[in-house]
Amino acid sequence: VIASFQAKVLAGKRVLITAGPTFEAIDPVRGITNLSSGKMGYAIARAAREAGAEVTLISGPTALATPHGVRRTDVQSARQMHDAVMNAVGGQHVFISVAAVADWRVANASAQKMKKQDDGATPSLQFEQNADILASVAATTSVSGWPYCVGFAAESENLVEYGAIKREKKGIPLLVGNIGHQTFGQDDNSIMLFDDQGHTVLPRADKLTLARQLISEIAKRIEQRSL
Ligand code: CTP
Ligand code: CA
């Protein structure tokens, strides 16, 4: 794996990656986010760059440094991430959707900071579903066949079953599954790759090691496709 990785398996390829959480505003000073640290997405961006790709990283709020040689655009909300991805996706060979995108945004967000009420009345939030960024990109691939779409799924149970179902439902060739509480904020992880052949396990390792393995798996599949 390491040898083929060092052979710049993605030379000449353009790779678009989303990473981190999103932040959905409730008012100008508050919002809803999730426990994604961005570490896995940033490790994949680094590994793709090391493998010779031209890498664009669209990132939700994180505390991480941009990997060397990677072009990065910062966003907050799922909508902003959707727009940034749609702007960047033309001409990409690979799209890796690592971000933990909020499924819902606050429909009744307040333009001003909400104030506590004297009578103790609490605000009630309403939600609207966000567009599925990965599904939007996957839907565009039917014309040119590009980009090769890779999804992530963080499940809390039944990973083998849910992973396979999610890959089919999203209409993507490759899905990476992991167990949410074993990955969020952690430095290492163990992942499962789902494709049309079934699933394979990449055993627990640090995220950069897994990222490098994933990049070689992606490169191998792209090569097989274009034969
Ligand atoms: N995803 C996305 N846009 C969204 C929601 C999810 O691009 N609005 C992407 C994620 O980046 C990930 C994949 O879809 O690659 C799966 O995300 P996940 O949250 O596991 O699946 P959902 O389809 O949102 O289903 P659910 O949360 O109900 O399990
Ligand atoms: Ca979701």
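This is a predicted model: local features need pLDDT of at least 70, side-chain atom pairs count only at pLDDT 80 or more; totals for chains, interfaces and linings use all residues.

Visitor: What makes β10 and β11 a pair?

Guide: Pairing requires at least two bridges between two strands. β10 and β11 have three bridges, so they count as paired. Within β11, Met 192 is the bridge partner of Gly 177.

Visitor: How do you know that β2 and β3 pair, and in which sense do they run?

Guide: Three bridges join β2 (residues 24-27) to β3 (residues 30-32), and the requirement is at least two, so this is a pair. The two strands run antiparallel, with a hairpin of two residues joining them. Asp 27 stands opposite Arg 30 in β3.

Visitor: Why are β5 and β12 called edge strands?

Guide: Eight strands form an open sheet in the order β5-β4-β1-β6-β9-β10-β11-β12, with mixed pairing. β5 (71-74) and β12 (198-206) each pair on one side only, and that makes them the edge strands. From one strand to the next, the twist averages 20°.

Visitor: What makes Ser 97 one of the residues around ligand 1?

Guide: A residue is near a molecule if its C-beta atom, placed from the backbone, lies within 6 Å of it. Ser 97 is among the closest of the 13 residues that surround ligand 1. α4 (133-144) and β9 (148-155) are the elements giving two or more residues to this shell, and β9 provides the largest share, four residues. By class, the shell has eight nonpolar, three polar and two charged residues.

Notes: Residues are numbered from 1 along each chain as its sequence is written. Chains are lettered from A and ligands numbered from 1 in the order in which they are written. Ala, Val, Leu, Ile, Met, Phe, Trp, Tyr, Cys and Pro count as nonpolar, Asp, Glu, Lys and Arg as charged, and the others, Gly among them, as polar. Axes are lines fitted to C-alpha atoms, for helices over the stretch in contact, and angles run from 0 to 180 degrees between N-to-C directions.
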